[in-house]
Amino acid sequence: MLLHLSDLHFGTEQPRVCRAVAQLCERLQPEAVVVSGDLTQRARQEQFVAASLFLKSLKRPLLVVAGNHDIPLFHFKRRLLTPYDYFERYFGELEPILETQNFYLIGVNSVTRHHHTQGSISNLQIWQTGERLRHAPVDKMKLIISHQPFAASQPEDQAEAPRLMQRAVRHWSRFGLAGLLHGHLHTPAVFDLNQRYTLQLNRPLLDVQAGTALSTRLRQGFPNSVNVIHPDLGIERFDFDAVTAQFLPVQPLWPSPSCT
């Protein structure tokens with residue numbers, strides 16, 4: 001299984017929630033921890049240090065991609081010339097690959113220095129990621145991890161999606177892609193892109209979104225939450241319970257009759 005975290009926003013993290021995520025990880029022993037962006041609140045070095053120390057303390061294989069909060073907002077020279085300097089220093093490649101017992105995971109950078117919140121992917125990224133999928137082991141569940149989601153319930157949220165996303169999904173679906181993991185909206189949800197974009201596949205292609213993992217930056221009444229993704233693509237949501245100070249399973253995100 002995978003533990004899917006997003007929107008850690010170190011600088012606004014809650015220590016007791018951090019401890020609860022560490023306890024959940026120790027209990028579940030996932031194949032890997034996947035983080036779909038926004039490790040920091042303002043892309044400051046000390047926030048990257050804190051995020052790195054926390055994630056390494058989980059002692060699990062990691063795949064981490066950047067979010068829009070992980071490049072400078074107000075330091076315009078750094079944003080223009082070296083937007084990913086701190087991210088790459090502490091987390092390495094912008095588009096990593098991780099193979100586990102059951103999964104083949106591909107990071108795609110959907111962040112652009114030109115927009116604060118809206119995502120962007122290029123034709124080159126679409127082709128390169130397609131080639132990675134094409135050559136992935138056939139016995140692994142193939143997942144892509146990026147920050148901005150490809151589907152949303154609200155029109156204003158859909159505007160945050162990366163440009164060329166439908167072209168990307170149609171191309172990647174040819175090579176056995178099972179799903180995409182995202183954050184950004186701070187709302188746990190799953191959408192079937194096969195139905196939403198009429199891909200005419202004989203299977204679902206899931207857009208899986210995690211809530212706010214550690215931060216005080218909650219949205220729409222959801223508590224801090226994380227996702228657990230099983231090898232059969234069953235997806236559980238775990239919410240932080242303030243009484244017990246633990247992450248507890250709440251409901252399956254998939255399969256669910258409400259995921260359309």
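I'll start with the model itself, then the helix, then the cysteines.

This is a predicted model, where local features need pLDDT of at least 70 and side-chain atom pairs count only at pLDDT 80 or more, while totals for chains, interfaces and linings use all residues. Residues are numbered from 1 along each chain as its sequence is written, and side-chain values use heavy atoms, with hydrogens and water left out.

Now the helix. Helices here are DSSP runs of H or I with at least four residues, strands are runs of E with at least two, and both are numbered from the N terminus. H2 covers residues 45-57, which is 13 residues. From first C-alpha to last it reaches 18 Å, close to the 18 Å expected at 1.5 Å a residue, where the expected span is 1.5 Å times one less than the number of residues.

Which residues of H2 are buried? They are Gln47, Phe48, Ala51, Ser52, Phe54 and Leu55; buried means under 20% relative accessible area, exposed over 50%, and partly exposed in between, with a 1.4 Å probe and protein chains only. Because they cover an arc of only 165° around the axis, they lie on the same side of H2; the arc is that of the directions from the helix axis to the C-beta atoms. The face turned away from that buried side carries exposed Glu46, Leu53 and Lys56. Just after H2, Lys59 has a positive phi of about 60°.

Finally, the cysteines. There are 0 disulfides, a disulfide being a pair of cysteine sulfur atoms within 2.5 Å. The sulfur of Cys25 is 13 Å from the closest cysteine sulfur, in Cys18, so it is too far for a bond. Cys18 counts as buried at 9% relative accessibility, and Cys25 counts as buried at 1%.
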